[in-house]
Amino acid sequence: MDAMLLASLVDAPKPIRLADLGAGAGAAGLAVAARLEGARVTLVERSPDMAAYARKSLELPENAAFRSRVGVVEADVTLTGRARVAAGLADDSFEHVIMNPPFNDAGDRKTPDALKAEAHAMTEGLFEGWIRTAGAIMVPGGQLSLIARPQSVAEIIAACGKRFGGLEITPVYPRVGENAVRILVTAIKGSRARLNFRSPLLMHDNPESHKFSAFVDDLNNGRAAYPRG
């Protein structure tokens, strides 16, 4: 669900180049490619195992329609300078950058599986490193989109710093009366617009049911986008 909500933040009427940082098996980036015929997507993933899963996904017959518009780059998102460029992430290359970084505290999900631990556990300075890379590879005026836990909002704002402005933050609530479990964040490279908190997104509009609201169901199934306000 996180991946589909992240993908829904991308809405472009014209062709775009998009990078999905820390793409894992590629769910978010592939969802964008499936919904937007003009999107060329680069899935960036450090783990060779996860990158292999992304390539296997691309080979599925169901994904043939957009396979030629998606590529996989094995690289550490936090690379800088020449090392980053050599890995295939050149400056000013993308109109959109999306990210669903590991945002759980290291003690939240203890697992002996190193791959799972890496995919879920946050490291110190994570948002600074990832957002720095997003700013470097994005064209001026490009859009950054990410999903995170509400507890990370201060770190995200600080990492955007002077790189990104016009932040729009949407808190995501399970139901009325419950605390937010996620935030959706968009920002524009080089913008000087002020931060804005958008109306909350409710996952379930019926307190007695686990069924998603109609709008969230459309987002989760790639039938709708949730563009900037």
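**Aromatic pair, helix faces and buried side chains**

The count of aromatic pairs comes to one. The rule takes rings of Phe, Tyr and Trp (its six-membered ring) with centres within 6.5 Å; planes under 30 degrees apart are stacked, over 60 edge-to-face, and the rest tilted. The pair here is Phe-215 with Tyr-226, and it is tilted: 5.9 Å centre to centre, 55° between the planes. It links distant parts of the chain, 11 residues apart: Phe-215 lies in helix H8, Tyr-226 in the segment after H8. Helices (H or I, at least four residues) and strands (E, at least two) are DSSP runs, numbered from the N terminus.

This is a predicted model: local features need pLDDT of at least 70, side-chain atom pairs count only at pLDDT 80 or more, and totals for chains, interfaces and linings use all residues. Residues are numbered from 1 along each chain as its sequence is written, and side-chain values use heavy atoms, with hydrogens and water left out.

Tyr-226 is buried, with a relative accessible area of 10%. Phe-215 is partly exposed, at 33% relative accessibility. Buried means under 20% relative accessible area, exposed over 50%, and partly exposed in between (1.4 Å probe, protein chains only).

Next comes His-204, in the loop between strand S9 (201-202) and helix H8 (214-220). His-204 counts as buried because its relative accessibility is 12%. Its side chain reaches two backbone oxygens: that of Lys-211 at 3.1 Å and that of His-210 at 3.2 Å. A polar contact is a pair of N or O atoms within 3.5 Å; within protein, one must be able to donate a hydrogen and the other to accept it, and residues adjacent in sequence count only if both atoms are side-chain atoms. Leaving aside neighbours within four places in sequence, His-204 also contacts residues including Pro-174, Arg-175 and Phe-212. Contact means heavy atoms within 4.5 Å.

Thr-186 sits in strand S7. Thr-186 is buried, at 5% relative accessible area. Its side chain makes a polar contact of 2.9 Å with the side chain of Arg-228. Beyond four places in sequence, Thr-186 touches Arg-228 and others, among them Leu-9, Gln-143 and Glu-168.

The buried residues of H7 (residues 153-160) are Ile-156, Ala-159 and Cys-160. Seen down the axis of H7, these fall within an arc of 100°, so they line one face of the helix. The arc is that of the directions from the helix axis to the C-beta atoms. On the other side of H7, Ala-154 and Ala-158 are exposed. Just after H7, Gly-161 takes a positive phi of about 45°.

Finally, look at helix H2. Its buried residues include Ala-28, Leu-30 and Val-32. Their cover includes helix H1 (2-8), strand S2 (39-45) and helix H3 (48-58). Leu-30 has a relative accessible area of 10%. Leu-30 and Val-41 are 11 residues apart in sequence and 7.7 Å apart in space, C-alpha to C-alpha. Not counting residues up to four places away, Leu-30 touches Ala-25, Leu-43, Ser-57, Leu-58, Phe-66 and Val-70.
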